Amino acid sequence: MPEIRNFTLNFGPAHPAAHGVLRLVLEMDGEMIVRADPHIGLLHRGTEKLVESKPYNQSIGYMDRLDYVSMMCNEHGYVLAIEKLLGIEVPIRAQYIRTMFDEITRILNHLLWIAGHSLDVGAMTMFLYAFREREDLMDAYEAVSGARLHATYYRPGGVNRDLPDSMPQYEKTRWRDEAEVKRQNANRQGSLLDFLEDFTNRFPSKVDEYETLLTDNRIWKQRLVGVGVVSPERALQMGFTGPMLRGSGVEWDLRKKQPYAAYSQVDFDIPVGTNGDSYDRYLVRIEEFRQSNRIIKQCIDWLRHHPGPVRSDNHKVTPPKRADMKHDMEALIHHFKLMTEGYCLPAGEAYAAIEHPKGEFACYLVSDGANKPYRLKIRAPGFAHLSGMNEMARGHMLSDVVAIIGSQDIVFGEVDR
Amino acid sequence: MSSKIEELQAYLNTHLEGKFTSSVLALGELTLEIPVRSWLDVCNFLRHDEQTQFEQLSDLCGVDYIAYGKAEWDTHASSTGFSRAVQAASVDPFDFDQAKLKDEPSEVEAGKRFAVVLHLLSIKRNLRIRLRTFCEDNAYPVVPSVVRIWNSANWYEREAFDLFGIMFNYHPDLRRILTDYGFIGHPLRKDFPLAGQVEMRYDPLQKRVIYQPVSIVTQPTVPRVIRQDQPSIASQERDN
């Protein structure tokens, strides 16, 4: 008789379903997983160390690069921690802009999630559909910050600038004739808010399209229902947050329970799952598409009727207006000091958490009174989710691991930091 | 919310008397400082007590307090703006020799260097709390593990071990997690240089990837316009 032993399989780090650089060491009994040992850190860039050596504002860009599919939400967590320590007020218009862009970011994130997840499970079309909608939202990012992905738009004390009155236009090229350009520019004639309103009117029908493809799809259900079941108690115990926790039936959303920005003023619902399997998490995220769309609509409506400042007028923290700097010595000095040395935070510590598309994203900031953070701990939701991988994958087949990774919505920028 | 947290503080003051050294309420956040010996007791209490029920561990991290309050720059804000930069008082993160030679630990009081900070969340009561414990030994920091109380602490403690070298007693699987296989040192300690100790490159002679000491040229982090060790641009042009 040959000796039968468990088989160890190396999955990743360059596997297309590993969502980046996940290396999983799987101990297999036949095709069943006995133990999954994720090896992370292949994308470790030492963000927390780098941040300690630069003035506060220069690190906002690092936050974009943590979870590189939900950029502005990361920035939000960071600037909230700074604002909490500084004790400054953020103008109400900036709060609404942040709320709106947080929700745009949530849609962006969930779109990429559904694209990758369904591609892993075997549905190619969703990938193309999701990227079609992402394009519009990234144009909104670009209009407001100049960058499609790494926006660096939020600032302590508000946002970098007000929403633009015009949208960038497509131009005629060798591959795009006059009629095509006209069609593409049709919804770009007004302001950014007009463009986004057009998007929010179209988007619910697009979500219906996704659901037509997936929700009742036999293959989709066979791959997701009953895979990676997590009970509410275990979900809490393993530190799950966001859709991972709500999929298990725990109604917990920081936007409702510990509101920040303008979330207390907008109306939305929290979808909750019942079984805690991958399919429920899918349904929760699909419903979040619709709820985010609702929030964006309300924000657009408010922003149209309430012009005002988008940055705090405390010029120790935010730069003064360019026009003021031309004739006001004080403004020029403020600008110079802010751009070279930055500003100092009072000694102390603050923990600011936001409801990131993936879960609870938080920044724990320790300041010793200098112009740089003494210590910044980034609490990334994906880190806790991935640590639950072993428990979720145990007893499942190898191909289910791919579905579980997909339903955890892992992005390595934030897990490895 | 704030009154709820005050109630919690009062409740803990009576029920955990003598188990913590200080409880501070600042910016709406409650921080308990706990000696290592009662660390597990307090954690168990907060997890299971009817009135607290902190059923989720949001975050656990290490902090290295060795350079706390020792600024490279003297940059206190005043009504006249910021003061100017001064000479580096602590370790220059880019000066490798200095970083190695500097015998910093003696400057820090024993048991005041490494801290483990825990953030707990109670979903039932919608409350957060922060716990901090200082490791007694600066050279060999040890804290009992809370993995059995909150399973999510597993990776967080591995991370704190990896980045700070804090040992967690009774941890089931204390391995490095974020750094490279075979990495030496604990990168988030304040005496670890920002650019690291080694760099990696492909050696065409040996036909493999090798590690070697970093060869990055020392770069000052202070902008030239406010540095006093540099001759002004005008005087440089004059010399040329």
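By class, how many nonpolar, polar and charged residues are in the lining of the second largest pocket? The counts are 14 nonpolar, 6 polar and 7 charged, where Ala, Val, Leu, Ile, Met, Phe, Trp, Tyr, Cys and Pro are nonpolar, Asp, Glu, Lys and Arg are charged, and the others, Gly among them, are polar.

Before you click: this is a predicted model, with local features needing pLDDT of at least 70, side-chain atom pairs counting only at pLDDT 80 or more, and totals for chains, interfaces and linings using all residues. Residues are numbered from 1 along each chain as its sequence is written, chains are lettered from A and ligands numbered from 1 in the order in which they are written, and side-chain values use heavy atoms, leaving out hydrogens and water.

**Stop one: the largest pocket.** Select A:His44, B:Leu178, B:Thr179, B:Asp180 and B:Phe183, which lie nearest its centre among 33 lining residues. (On a 1 Å grid over the protein atoms alone, a 1.4 Å probe fits at the points; a pocket is an open set with protein on both sides within 12 Å along at least five of seven lines, and lining residues have an atom within 4 Å of a point.) Its volume is about 1,000 Å³, meaning the space filled by probe spheres set on the points, which are joined across faces, edges and corners. Next, colour strand 10 (198–203) of chain B, which gives the largest share of the lining, 3 residues. (Strands are DSSP runs of E, at least two residues; helices are H or I, at least four; both are numbered from the N terminus.)

**Stop two: the second largest pocket.** This one holds about 770 Å³ of space. Pick A:Lys84, A:Gln258, A:Pro259, A:Tyr260 and A:Tyr351, the closest to its centre of 27 lining residues. Finish on helix 3 of chain A, which gives the most to this lining, with 4 residues.
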